[in-house]
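Let's take a walk through this structure together, going from one element to the next. Please keep the 3D view open as you read.

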Amino acid sequence: MPETNSNKLKEELESAIEKIVNSDRPKKVILAGPGAGKTTLFKKLLEKNDDGERDQLVLTFINNLKDELCEKLSRFAQVFTFHGYCVKLLHENPHLRTGLSETFKIFPYLPTLIKKDWEILYGKTAPQFVGNMRSTIEDAQSEFYLSRSNYYDTVGFDDSIFRVYSAYFCGRVKIPKYRLILVDEYQDFNRLEVSLLNLLSKNNSIAVAGDDDQALYSQLRGSSYEFIRGLYRDDEYENCELPFCLRCPKVIVDSFADVVRVAQYKKLLPGRIDKPYRYFEPYREQDSLAHPRIKVLEISAQQLKTNYFGKIIADIIKKIPREYIIESNQENFPTVLVVGPKQYLSQIAKYLRDEGFIIDYHEGGKESSAITRSMALPYLKEDSKSNVGWRIAIEADNPNFSQGALEKAVKYQKPLFGEIEESYRDTLLLEANNWVKPEEIVTNQVPQGQPTIKLTSYEGAKGLSAQFVFIVGLHNGDIPRDPDHIKEMEIFRFLVALTRTRKQCYILWTYRFAGKPMKPSEFIGWINKGSIDKIRIDKNYFLEKKSITP
């Protein structure tokens with residue numbers, strides 16, 4: 001690459017950053033695609049406003065990003081997830097936590113318990129408490145929820161935010177002052193969180209960063225890309241851009257543009273914010289030359305017994321250059337990221353574990369959200385009369401006295417401890433007294449110099465990047481579910497998965513999964529053919545001992 005062109009691009013990037021940093025507008029919306037360098041920009045903004053008091057605030061939704069932002073920015077600002085920030089405020093201010101003690105507890109599945117309480121009291125299906133709170137609805141139903149939360153002296157995720165929002169909205173508590181508020185991944189926030197941010201921005205400078213192409217959580221938690229699009233159209237906010245991708249090789253940035261171009265031609269992205277997303281050659285020239293194409297692996301058949309997905313991924317991992325592994329270990333991101341639906345990930349995970357790889361993969365599913373007896377033990381160990389502790393235990397075990405005990409607790413606000421049968425109480429308290437907080441899991445610690453491997457869903461990939469990315473199960477019927485009626489969310493998932501890539505991206509699909517015929521995803525055809533190498537993987541491939549160079 002000619003030095004003059006490299007310098008020109010570096011100057012353009014620096015100019016874009018300085019324009020944002022030097023702007024005097026108190027409210028900004030920063031459009032930033034995947035790997036655009038938001039953390040670097042945030043640091044410069046915080047440095048400019050730093051007075052040594054750490055009276056600046058950084059908020060994000062994703063824990064992965066919070067940890068990274070905290071590591072790099074905590075010298076200048078307080079860094080929180082939205083829920084963590086609100087819990088901190090509740091602990092600090094008794095006027096915000098009305099009805100809760102200073103030592104209130106946190107239980108993520110509190111809404112499940114309170115819905116059951118409603119059904120006991122009223123004998124009918126409970127309202128959507130969480131959905132209503134996310135829509136900032138304050139009514140008799142929300143009052144019931146908060147009263148039960150007070151009874152348990154416990155909060156969940158959404159109600160902790162709802163409490164703070166309600167207190168600020170009605171003016172009961174004065175909104176805090178900060179020199180600057182920075183918000184990351186704004187497209188992932190729901191109406192409740194956005195409404196609280198609007199209140200915080202009344203008398204505070206605020207810079208909001210996000211990208212409507214990465215809005216993955218609308219089906220999970222009520223977030224919407226319309227919120228960032230609304231700020232983009234709001235004259236009160238200055239529109240700013242980070243124009244480059246500093247993470248991905250050229251083929252990924254080009255393929256991103258291909259997908260967006262086809263989607264817009266098909267009128268599948270109405271209202272999308274038109275913004276630059278350009279390859280940054282000064283940072284990624286060497287990677288782009290070493291990995292010029294996306295490799296599409298066409299697997300003859302996939303099932304647990306004939307696990308070609310797992311086998312080919314394992315073969316590639318074994319050949320990853322040592323310098324790539326060292327780089328990922330030193331910079332604390334995965335060497336390998338496998339992204340896709342659960343039915344494929346679970347088979348790949350089994351093969352990799354059988355091969356001796358240490359992997360980071362959590363199966364998930366409905367069973368992971370079940371309330372269990374063990375969840376009650378830490379609460380009861382700390383306080384043998386804990387209402388929430390006994391409520392969790394009853395929900396998990398459903399002992400024969402539970403209906404009567406819960407009716408008294410719900411109708412008359414009686415402490416649960418006094419309604420628990422003695423033999424059950426003594427048994428559970430003995431378990432609680434013997435309960436020891438589990439040590440941090442060390443079995444997934446990867447020896448130095450070995451590749452770190454993470455398997456996750458499309459949503460779980462947000463906030464991550466890796467040297468090698470495998471997008472698995474890219475079929476019509478999976479993504480997109482219906483090729484004749486493609487949804488924006490499906491396009492966003494594919495774009496997010498692609499742009500996790502630092503070195504090489506692999507796309508895997510199979511002609512037959514568990515005996516069922518499959519067809520490749522429409523999205524593969526949206527990428528320019530010159531950007532793809534297709535490789536057939538079947539029995540003969542392995543018999544002939546072929547290999548793919550990472």
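**A guided tour**

The side chain of D212 makes a polar contact with the side chain of K275, at 2.6 Å. Keep in mind as we go that this is a predicted model. D212 is found in the loop between β7 (206–210) and α10 (218–221). Is D212 buried or exposed? With a relative accessible area of 0%, D212 is buried. Leaving aside residues up to four places away in sequence, D212 touches Y225, I228, R229, G271, R272, I273, K275 and F492.

Five of the five residues of β7 are buried, so β7 is largely enclosed by the rest of the structure. I206, V208 and G210 point one way from the strand, while A207 and A209 point the other way, and all are buried. Which strands pair with β7? One of them is β1 (residues 27–32), which runs parallel to β7 and is joined to it by five bridges; here I30 has A209 as its bridge partner. Another is β6 (residues 180–183), paired with β7 in the parallel sense over three bridges, with I181 and I206 as bridge partners.

Next comes an open sheet of seven strands. Their order is β13-β14-β12-β15-β16-β11-β19, and the pairing is parallel. β13 (359–360) and β19 stand at the edges with a single partner strand each, so one side of each is left without a neighbour in the sheet. As a general point, strands of a sheet pair through backbone hydrogen bonds, either parallel or antiparallel.

Within this sheet, look at β11 (residues 294–299). Six of its six residues are buried. Both faces are covered: I294, V296 and E298 lie on one side, K295, L297 and I299 on the other, and all are buried. Six bridges join β11 to β19 (residues 532–537) in parallel fashion, and I294 stands opposite I532 there. β11 is also joined to β16 (residues 501–510), again parallel, by five bridges; E298 has W509 as its bridge partner in β16. Elsewhere in the sheet, β12 (residues 336–339) and β14 (residues 453–456) run parallel and share four bridges, with V338 partnered by L455.

What about the nonpolar interior? In soluble globular proteins, nonpolar side chains tend to be buried together. In this model the largest nonpolar core has 74 residues, and those with the most contacts inside it are Y85, Y168, Y186, L196, L197 and W390. Y85 touches L57, L59, F80, P176, Y178 and L200, not counting residues up to four places away in sequence. A second, separate core of 48 residues includes V253, I294, L337 and F492.

Finally, turn to the aromatic rings. How many aromatic pairs are there? The count comes to 30. In one of them, the rings of Y541 and F542 have their centres 5.2 Å apart and their planes at 85 degrees, so the pair is edge-to-face. Both Y541 and F542 are buried. Ring pairs also link W118, Y122, F129, F144 and Y145 into a cluster. Charges meet rings too: the charged end of R502 sits over the ring of F333, 3.9 Å from its centre, and K503 lies over the face of Y324, 4.7 Å from the ring centre.

Definitions and conventions
Residues numbered from 1 in each chain as written. Predicted model: local features only at pLDDT ≥ 70, side-chain atom pairs only at ≥ 80, totals over all residues. Heavy atoms only, no water. Helix = DSSP H or I, 4+ residues; strand = E, 2+ residues; numbered from the N terminus. Buried < 20%, exposed > 50% of the residue type's maximum accessible area, 1.4 Å probe, protein only. Polar contact = N/O pair within 3.5 Å; in protein donor to acceptor, adjacent residues only side chain to side chain. Contact = heavy atoms within 4.5 Å. Phe/Tyr/Trp six-rings, centres within 6.5 Å; stacked < 30°, edge-to-face > 60°. Lys NZ or Arg CZ within 6 Å of the ring centre and 35° of its normal. Pairing = 2+ DSSP bridges. Core = buried A, V, L, I, M, F, W, Y, C linked by side-chain atoms within 4.5 Å.
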